[in-house]
Amino acid sequence: MGATAAVPVLEISDLCVSYGKVEALHHAGLRVGQGQIVTVIGPNGAGKTTMLSAIMGLLPRSRGRICFQGVDLDGAEVEDMVAHGVNLVPESRALFGEMSVEDNLLLGAFSRHRSGLRDQAQTMEEVFRVFPRLKERRSQHAGTLSGGERQMLALARALMAKPKLLMLDEPSLGLAPLIVRDIFRVIGALKATGVSILLVEQNARAALQVADYAYVLETGEIALEGPSRELIDDPKVVESYLGLGGKR
Amino acid sequence: MSPRILLPVFVLSLLLAPQLVSEFHVTLLNYIGLYSIVAIGLVLLTGVGGLMSFGQAAFVGLGGYATAYLTTATSLPVWIASLGGSPWLGLLAGVVLTAAVALLLGLLTLRLSGHYLPLGTIAWSISLYFLFGNLEFLGGHTGISGIPALSMFGLPMKDARNFYYLIWVVVLLAAWLTINLLDSREGRAIRALKGGVVMAEAMGVDTARSKVVIFLIAALFGCVSGWLYAHLQRFVNPTPFSLNMSIEYLFMAVLGGAAHVWGAVLGAGVITVLKQWLQDWLPRLLGASGNFEMIVFGVLMIFVLQRARDGLWPILCRLVPQRAIARSVPVADVLPRKSLPEAGEVLLEARHVVKRFGGLVANNNMNLNVKAGEIMALIGPNGAGKSTMFNCVSGVDRATEGEVLFRGRPVTELDSREIAKLGMSRTFQHVRLLPTMTVLENAAIGAHLRGSRGVLPAMLHLERAEENRLLAEAARQVERVGLKSSMFEAAGSLALGQQRTLEIARALCADPCLLLLDEPAAGLRYMEKQALAELLRKLRGEGMGILLVEHDMDFVMGLADRVVVMEFGEKIAEGLPEGVQRNPAVIEAYLGGVD
Amino acid sequence: MDLQIALLLGQDGITNGAIYALLSLALVLVFAVTRVIFIPQGEFVAFGALTLASFQAGKVPGTLWLLIGAGIAVAVVDLRAVLGRSRQRRRIFSILGWNLVYPVVLAILIHLAKPGELPLAAQVILALALVVPLGPMTYRLAFQPLAEASVLVLLIVAVGVHFALVGLGLLFFGAEGSRTPAFSDGSLTLGSLTVGAQTLWVLGSSLTLIVVLAFFFERTIYGKALRATAMNRTGARLMGISTVMAGKLSFLLASLIGAFSGVLIAPITTVYYDTGFLIGLKGFVGAIVGALSSYPLAALGALLVGLLEAFSSFWASAFKEVIVFTLIIPVLVWLSLTTHQVEEEE
């Protein structure tokens, strides 16, 4: 059951989120193992973004437990999560449009700004090695970047914090296929650096190809879970996306 | 005590009060009344409309000074002087002057974001204060004295007890007019200003006009209060019309409960009595003289907004058992309907629509059309640009390039309000209801364009016949979408799926020939989806055209006549549902892939 | 009017304009970061000036009691928030330190040092040390619990704070105005123009402060964090920049700018407990010229306000304020013609 292979970095159970009277997430639970990529896929409106926002503390959780590296983080707010090494790249990217690429990256390291300038310059060089395009544009305003570059910057900015767990919300959203491929290549490569990743995606095939383990979220509930390579051919996944179920 | 008799008891005690209490307390009650009139205006403006003014005391001053000047001046032009310095002339002049200033200020600031009105009125307030204090003919800082007493029905109102009745009649009148206004077609438009501007515009409401209207009414209430004040005091000087007084008026409205007309009276009472009491006690306590009640008021305001943002009135209401109102839907004639176009007529046509946000292309060269009597579905993965397209054709947003035709007319440049008039009605992906209003009232906003009576008839409730027809129509549509049992519940208490259905009822109230639905089935249960599909089929049968954005493929496939699929802002497929579903490009778009 | 008078008025206008410019920068900053329209800005000006005047008169300023009282209140609310959460024990020391120990140490210092006999520079530093912490404390007590409220609610709270602080100003300093001696005597003669030493102090210090602020926002991580919060609140939180920290920091800067402006103008005009409000509002007129978002435009607008005020005091001295505040009408016309229909708030 679950991500048994490794010690869980993140373990959530019984997570519920409501908007007013409407419950958008019902009793969701999942585990992310050390160094794993775990994906949550599902059709639009299934509650994927809600789930990430709730874990991060952006949304109030009506119930549920959140355990990070064995520490209970139930009431934690966004800043606490960042301080513990959890970073979220939201669907909107949330870049600082009127600031340079470099300043965006420096702010990415805000939680470690006491570590000193040299350390940060070094981290930035590492990040630039992964995203050479950003180095070329380091003094350009983030608002002038193309869609693909923005997503790269959002990812790079999160990496500046040296996260232990990286949560990505729809990194492929609105991007052309070639760029999606680039982004997923980077996500796959990140695994080698030891960071654990929780990936929320609508682009199910791409997500399943890069992930170790997957959950399928449908109308606020975990409908299906399993190792990615098993789910990739599961007809139920296709159904939940294309609505073929009602036809039979 | 039953809540039903509270109002009569209140009025009765108002009637008796001057006979029972001392002269001093009558004077206090007079002031509470004068302040209440201003605060009631602020309830309309701030509590209901979400706008804020620091200029109310200045409007009071305009009313006061206008009559003070006209009734005392000795060197007036002959044609005015012949009116014999009548207070009524003073009132008229004050009203005209106030209306002109309020209109100017409103037109200048109300198109800008919300915080420019308060800042603009602060400046106006200070300017007027210094103007009063420095104009020779207004007596400078000493002011104008010797204002004649009012006389009504041949009875001069020289003492506080006589004046008391006049003031409180005006208070009750102001409250009655305001309550009437809020319970009307115009009132619903006003109540939509706070958090529902985009929706109201899409239903054909001219929100800019509504804002100016409430600013004007609030200013005029101030002016009338000032007129009364001048003739009560028989003397005016700039001090009571300063910015600080404007702020105190605001505090009265907020403390009482900014969204409740009676809260204004309560707030005016509490602040006035408290001020009296604090002005007695604080200087003794602190051993110095000065307006130390300011400290208490300031801290009180912070506390109220942190702990009880809706003010005292709702708290008091909770102490009284809730009245079980037997609310019913009025019986009325059916509203006339527009004739629907012939089946097959092209209703909506988008040609080469391009929408860019900065460098981002959200829609690229999109073409689509919707005919009368068909359901057309627009589908595609998240972020494909469907909602943007929706906003472009409905006038909520404007296309960067390309053309949109509605019933053969170019509408690309029109606002959503004007497009709504032509017979297009829509729902929103992120539900835009007014959560505290009832289901019926929310639906009735959709019928805004089917009524025509304005603000004045609404304040006097002379538009009841039309109002009943509108409500009856709204009730019919609510019933039609299956929400009859929740007719009088607050819209915010419905489940999300029901809220979406209510959006459809609201759109239907507009009597559209084209219905634009943004994800209507999201959050609905299976049975509810079936019922919704049935409703849409019926509307199609009547000849309505329907454009549907949807993610629920089951729902779309069983329902739509034609489907357009979008990805990356472009059309990737179009055709019959079955064909589209087997299209490899569509499957790719939905499931994605990296190979 | 001859050239001599014009130069004199211009000098006056620029001096006042520099102060308004500082205040308008603070207003734009506070609004951008916290969405608070900071009406009480002017009270910090008055507190700064009057606290300094108290020291010079050898009195203990009432603002000391306010600092102690506010410190106790902040300590109580902060401790209540922290004690419920086990992981934040470490913060208790900083809460107690800043809110209880600091005011008490300051009180002892003032008691021992006899500020009336200290050199001016030390008095200025003491006055700032006393008034500036009131900024973040105000944020903590009045605004932090309402961080998610609408601009409208925050504005009413700001007005409430303004009322309370003006009333306290009256209580602490009385209705009498005060004026402090100039920082230095003498004057500078440039051709036919004589520039007073205090004018030079005002211009020099304002310029220095603006340069320091520019450096802070462009070059330091905390300055960038504030700008980031103004641009994208959620984005900033996701970087670990807490909204509370950003709010307190922007209020700290605003109270620093306010109190410092007060110290600068105290030798030029007589400052009363309620003088600050009008001064602050003139900063607002400047900020509105900058549409509450552009720092350079706000500063330019504020300079314009200063000049307009100086010249109208010559032409129509009784209507000086009327003319200055009517300036926003053409600005609003221009804004409403260039701004597109606003989207919904909240």
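User: What makes chain A as compact as a globular protein of its length?

Analyst: The radius of gyration of chain A is 18 Å, and the globule rule gives 18 Å for 248 residues, so chain A is as compact as a globular protein of that length. Its secondary structure comes to 10 helices and 10 strands. Along the principal axes, the C-alpha atoms of chain A fill a box of roughly 55 × 40 × 40 Å.

User: How many of the residues of chain A count as buried, and what makes a residue buried?

Analyst: A residue is called buried if 20 or more other C-beta atoms lie within 10 Å of its own. Of the 248 residues of chain A, 52% count as buried. As for contacts in chain A with a separation of 6 or more, 68% come from residues 24 or more positions apart.

User: How do you know which residues of chain B touch chain C?

Analyst: Two residues are in contact if their C-beta atoms lie within 7 Å. By that cut-off, 41 residues of chain B are in contact with 44 residues of chain C. Several helices of chain B supply at least two residues each to this side, among them helix 5 (87-109) and helix 11 (243-257). Helix 6 of chain B gives the most, with 11 residues. The residues on this side of chain B divide into 26 nonpolar, 13 polar and two charged.

User: What is the confidence in chain C, and where is the pLDDT below 50?

Analyst: Chain C has a mean pLDDT of 90, and 96% of its residues reach 70 or more. Over residues 341-346 of chain C the pLDDT is below 50, although this stretch has 11 contacts in the model beyond near neighbours in sequence. Where pLDDT is low, the predicted coordinates should not be read in detail. The model scores ipTM 0.92 and pTM 0.90.

User: Which domains does chain B have, and how many residues of domain 2 touch domain 3?

Analyst: The domain assignment of chain B gives domain 1 (24-242), domain 2 (341-423 + 512-595) and domain 3 (433-510). The C-alpha centres of domain 2 and domain 3 of chain B lie 26 Å apart. At the contact level, 14 residues of domain 2 of chain B meet 11 residues of domain 3 of chain B. On the domain 2 side, helix 16 (416-421), strand 11 (514-518) and helix 21 (526-542) of chain B each supply at least two residues. Helix 21 of chain B gives the most, with four residues. That side of domain 2 of chain B divides into 10 nonpolar residues, one polar and three charged.

Technical notes:
Residues numbered from 1 in each chain as written. Chains lettered and ligands numbered in written order. Predicted model: local features only at pLDDT ≥ 70, side-chain atom pairs only at ≥ 80, totals over all residues. pLDDT = per-residue confidence, 0-100. Nonpolar A, V, L, I, M, F, W, Y, C, P; charged D, E, K, R; others polar. Domains from an automatic or database assignment. Rg over C-alpha atoms; globule rule 2.2 N^0.38 Å. Buried ≥ 20, exposed ≤ 12 C-beta atoms within 10 Å, placed from the backbone.
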